[in-house]
Amino acid sequence: MAQAIPAGQKWWSGGKSPFNVEYGKLMMWYFLMSDAFTFGAFLISYGSIRFASNGWPDPNEVFRAFPFAPESLHLPLVFVSLMTFILIASSVTMVLAVAAGHNRDQKKVTMYMIFTIIGGILFLSCQAWEWTHLHGEGAWWGRNPFPNADGSKASTNFTNFFFTITGFHGFHVFSGVVINIIMLIKNLRGDFEKRGHYLMIEKAGLYWHFVDLVWVFVFTCFYLL
Amino acid sequence: MSSIETTADQHQDHGGTGVKAIMRTFWILLGITLFELLLATIHLKTNGAFPPKAVLNGAYLILTCAKAFYIIAEFMHLRHEIKNLIMTIAVPALLFVWFIIAFLWDGNSYKELRNRYDEHHREQSLIKVAPASEEPAAKKPGAE
């Protein structure tokens with residue numbers, strides 16, 4: 001976009017949007033800021049409690065199962081890598097939908113939005129499987145069957161934080177999928193074509209990328225560290 | 001649209017949104033994630049000998065921040081917005097630096113103090129328990 005702006009542009013002399021973005025998009029950014037602080041508060045309280053604990057469960061022992069794989073097979077990180085891949089891929093299809101929107105290509109927007117929605121649903125299914133599996137192992141809010149890495153008895157902090165934070169993130173993914181479905185329907189109705197721009201797709205895209213961004217941190221904090 | 005003009009809805013040129021740039025970012029993100037997994041796997045296969053846990057965690061944090069940068073800058077297009085907008089996002093986000101240092105430091109300090117002054121707590125955390133997989137299934141509340 002930089003080339004469309006004349007050099008020495010005076011943004012604050014009136015008559016122009018000083019930030020050169022549409023109002024709704026700017027507000028989406030500020031909403032995402034506040035949401036980032038909510039997730040930040042969750043993750044930092046998790047870190048704070050973890051630093052205050054003498055022991056903590058080893059994520060490679062907890063997250064080692066894969067659907068349809070025998071219980072004896074230890075596959076640490078494999079399933080969560082798949083989930084990460086799905087979410088990154090759906091972020092890519094989202095940004096391709098935004099690019100198609102810039103070119104006012106209604107058909108391509110539809111196609112990429114469908115891919116993005118499928119990615120979101122796949123991610124949610126993976127999470128549902130993981131939660132079910134962990135619940136089957138005896139883990140839930142208020143109960144933790146996994147001992148600490150050093151073999152001592154663990155408190156329920158680990159499971160409480162895990163289910164709260166991945167649950168809050170999963171809820172964001174769910175709302176993102178709903179928003180994307182609404183955008184898909186509006187696109188199919190030709191609303192954006194009539195309006196002459198696809199800024200709504202961009203705003204939904206910002207939200208969707210943010211969900212991906214949060215997952216990057218959840219992935220690091222719970223599965224890697 | 002509104003009566004206030006922006007150049008955002010004209011888009012003859014869109015810096016980071018070309019398909020090539022998108023795919024490049026995708027490969028970078030995928031590459032970083034695979035590299036993280038590679039490090040984790042080496043760490044597991046060498047029974048935690050290499051790379052050492054502290055080095056590994058530092059690497060994870062740096063790589064995570066790199067991923068966050070690419071998502072925000074390219075996918076969310078922030079790098080191609082004008083500077084004032086970038087600053088209203090980036091400057092408040094710097095609060096996280098203080099948040100993380102302060103709260104992790106505080107958690108660690110609480111652990112040290114508690115271990116020093118609460119002997120019972122310290123002793124309890126030294127007792128080993130049997131691994132969960134050896135417990136009978138009926139004991140697990142989730143396995144009904």
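Author: Helices here are DSSP runs of H or I with at least four residues, strands are runs of E with at least two, and both are numbered from the N terminus. The structure under discussion is a predicted model.

Reader: Where is P51(B) found?
Author: A cis peptide bond, with omega about -15 degrees, joins F50(B) and P51(B). Most residues other than glycine have a negative phi, and most peptide bonds are trans. As for its place in the chain, P51(B) belongs to the loop between helix 1 and helix 2 of chain B.

Reader: Which elements, in order from the N terminus on, make up chain B?
Author: Chain B contains five helices and zero strands. Of its 144 residues, 15% count as buried. Read from the N terminus on, the elements of chain B are α-α-α-α-α.

Reader: Among contacts in chain B between residues at least 6 apart in sequence, what percentage join residues at least 24 apart?
Author: Two residues are in contact if their C-beta atoms lie within 7 Å. Among such contacts in chain B, counted between residues at least 6 apart in sequence, the share that joins residues at least 24 apart is 56%.

Reader: How far apart are the end C-alpha atoms of helix 2 of chain B?
Author: Helix 2 of chain B covers residues 53-75, which is 23 residues. At 1.5 Å a residue these should span 33 Å.

Reader: Against which helices do the buried residues of helix 2 of chain B pack?
Author: The buried residues of this helix are T64(B), K67(B), Y70(B), I71(B), I72(B), E74(B) and F75(B). Their packing partners lie in both chains: helix 3 (78-102) and helix 7 (199-224) of chain A, together with helix 1 (19-45) of chain B.

Reader: Does H77(B) count as buried or exposed?
Author: H77(B) follows helix 2 of chain B and is found in the loop between helix 2 and helix 3 (83-93) of that chain. Phi of H77(B) is near 70 degrees, a positive value in a residue other than glycine. A residue needs 20 or more other C-beta atoms within 10 Å to be buried. H77(B) has 23 such neighbours, so it counts as buried.

Reader: How many other C-beta atoms lie within 10 Å of N20(A)?
Author: N20(A) lies in the segment before helix 1 (23-51) of chain A. Although N20(A) is not a glycine, its phi is positive, about 60 degrees. N20(A) is buried because the number of other C-beta atoms within 10 Å is 20.

Reader: Are helix 3 of chain A and helix 1 of chain B roughly parallel or antiparallel to each other?
Author: These helices pack at an angle of about 170 degrees, with their axes 10 Å apart. Their contact includes I88(A), V92(A) and V95(A) on one side and F26(B), L29(B) and L30(B) on the other. Angles over 145 degrees count as roughly antiparallel. Helix 3 of chain A and helix 1 of chain B are therefore roughly antiparallel.

Reader: How many charged residues are in the contact of helix 3 of chain A with helix 7 of chain A?
Author: The axes of these helices come within 9 Å and cross at roughly 160 degrees, which means that helix 3 is roughly antiparallel to helix 7 of chain A. Residues of the contact include T84(A) and S91(A) from helix 3, and E202(A), W208(A) and D212(A) from helix 7. By class, the residues divide into twelve nonpolar and five polar, and the number of charged ones is two.

Reader: What is the handedness of the crossing of helix 4 of chain A with helix 5 of chain A?
Author: Helix 4 (residues 106-136) and helix 5 (residues 157-188) of chain A pack at about 155 degrees, with axes 9 Å apart. That angle is why helix 4 of chain A is roughly antiparallel to helix 5 of chain A. The contact has 14 nonpolar, ten polar and no charged residues. Helix 4 of chain A passes helix 5 of chain A in a crossing that is left-handed.

Note on methods: Residues numbered from 1 in each chain as written. Chains lettered and ligands numbered in written order. Predicted model: local features only at pLDDT ≥ 70, side-chain atom pairs only at ≥ 80, totals over all residues. Axes fitted to C-alpha atoms, helices over the stretch in contact; angles between N-to-C directions. Parallel < 35°, antiparallel > 145°, perpendicular 65-115°, else oblique. Left-handed = near helix turned anticlockwise from the far one by under 90°. Nonpolar A, V, L, I, M, F, W, Y, C, P; charged D, E, K, R; others polar. Expected span 1.5 Å × (residues − 1). Buried ≥ 20, exposed ≤ 12 C-beta atoms within 10 Å, placed from the backbone.
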